[in-house]
Amino acid sequence: MGLSAEEALARLKVGLRDKKMAFIYHCSNHYFCPIGFEDVPRKPINAYGTSLSESDTDTWILIGEPSRAYPGIHCKKWKDVCTDLNCQNPQRFNIRDVERGVYTRRTKKVGGNLHGILAFQRVDDDELATLEDREPTPPSDEEADSESSSEADI
């Protein structure tokens, strides 16, 4: 499902606050776990403000790292995560090495990107029972068209 960067961030923030939600960030044949976020004011004068708009902050995502070759937690700007998710082959952006920036790989494959954020939601036994009782519904024409579409922001 293609989402704008703003929609994806809003859903990620809600999900990270929800004890029943978990996320996996697939990137360069590695799997990370987004585990938190922090909205940081862009101007020091606003550091102690009570409420700031999204336009006055930068969001940093805390990402759990399973590899022993890297620190256990990365803290990356949401805009850098978006850069990674929106790069199309042969362009590449390594979220572990953001200082390198976007670079071009030598490959014959052009277009596409397998990077993404997957959301998972725990379903309790009582909720599962009610889901199993429901009749499956076929996807609407719009849903079928959107699933087959390769166009996605994030």
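Me: Rings of Phe, Tyr and Trp, the last by its six-membered ring, form a pair if their centres lie within 6.5 Å. How many aromatic pairs does the count come to by this rule?

Reply: In this predicted model, the count comes to one aromatic pair. Its members are Y25 and F32, with 5.8 Å from centre to centre.

Me: Why is the pair of Y25 and F32 called tilted?

Reply: Planes under 30 degrees apart count as stacked and those over 60 as edge-to-face, with the rest called tilted. The planes of Y25 and F32 stand 50° apart, which lies between these two limits, and therefore the pair is tilted.

Me: Are Y25 and F32 buried or exposed?

Reply: The cut-off for buried is a relative accessible area under 20%. Y25 has 1% and is therefore buried, and F32, also at 1%, counts as buried too. F32 touches residues that include F23, I24, I63 and I95, leaving aside those up to four places away in sequence.

Me: Which residues touch the most other members of the largest nonpolar core?

Reply: That core has 17 residues, and Y25, F32, I61, I63, W78, V81 and I95 touch the most other members. Helix 1, strand 1, strand 3 and helix 2 each give two or more residues to this core. Helix 2 gives the most, with four residues. In soluble globular proteins, nonpolar side chains tend to be buried together.

Me: How do you know that the length of helix 1 agrees with its number of residues?

Reply: Helix 1 covers residues 5-17, which is 13 residues, and at 1.5 Å a residue these should span 18 Å. The expected span uses one less than the number of residues. The C-alpha atoms at the ends of helix 1 are 18 Å apart, so the two values agree.

Me: Why are the buried residues of helix 1 said to line one face?

Reply: The buried residues of helix 1 are A8, L9, L12, K13 and G15. Viewed down the axis of helix 1, they fall within an arc of 165°, so they line one face of the helix. The face turned away from this buried side carries the exposed residues E6, V14 and R17. The buried residues pack against strand 1 (21-27), strand 2 (30-41), strand 3 (57-64) and helix 2 (78-86).

Me: What makes the approach of the T59 and D39 side chains a polar contact?

Reply: A polar contact requires a pair of N or O atoms within 3.5 Å, one able to donate a hydrogen and the other to accept it. The side chains of T59 and D39 make such a contact at 2.5 Å.

Me: Why is S28 called buried, and why is N29 called exposed?

Reply: Buried means under 20% relative accessible area and exposed means over 50%. At 14%, S28 counts as buried, whereas N29 at 67% counts as exposed. S28 lies in the loop between strand 1 and strand 2, and N29 lies in the loop between strand 1 and strand 2 as well. Phi is positive in each residue, near 50° for S28 and near 60° for N29.

Technical notes:
Residues are numbered from 1 along each chain as its sequence is written. This is a predicted model: local features need pLDDT of at least 70, side-chain atom pairs count only at pLDDT 80 or more; totals for chains, interfaces and linings use all residues. Side-chain values use heavy atoms; hydrogens and water are left out. Buried means under 20% relative accessible area, exposed over 50%, partly exposed in between (1.4 Å probe, protein chains only). The arc is that of the directions from the helix axis to the C-beta atoms. Contact means heavy atoms within 4.5 Å. A nonpolar core is a set of buried Ala, Val, Leu, Ile, Met, Phe, Trp, Tyr and Cys residues joined through side-chain atoms within 4.5 Å.
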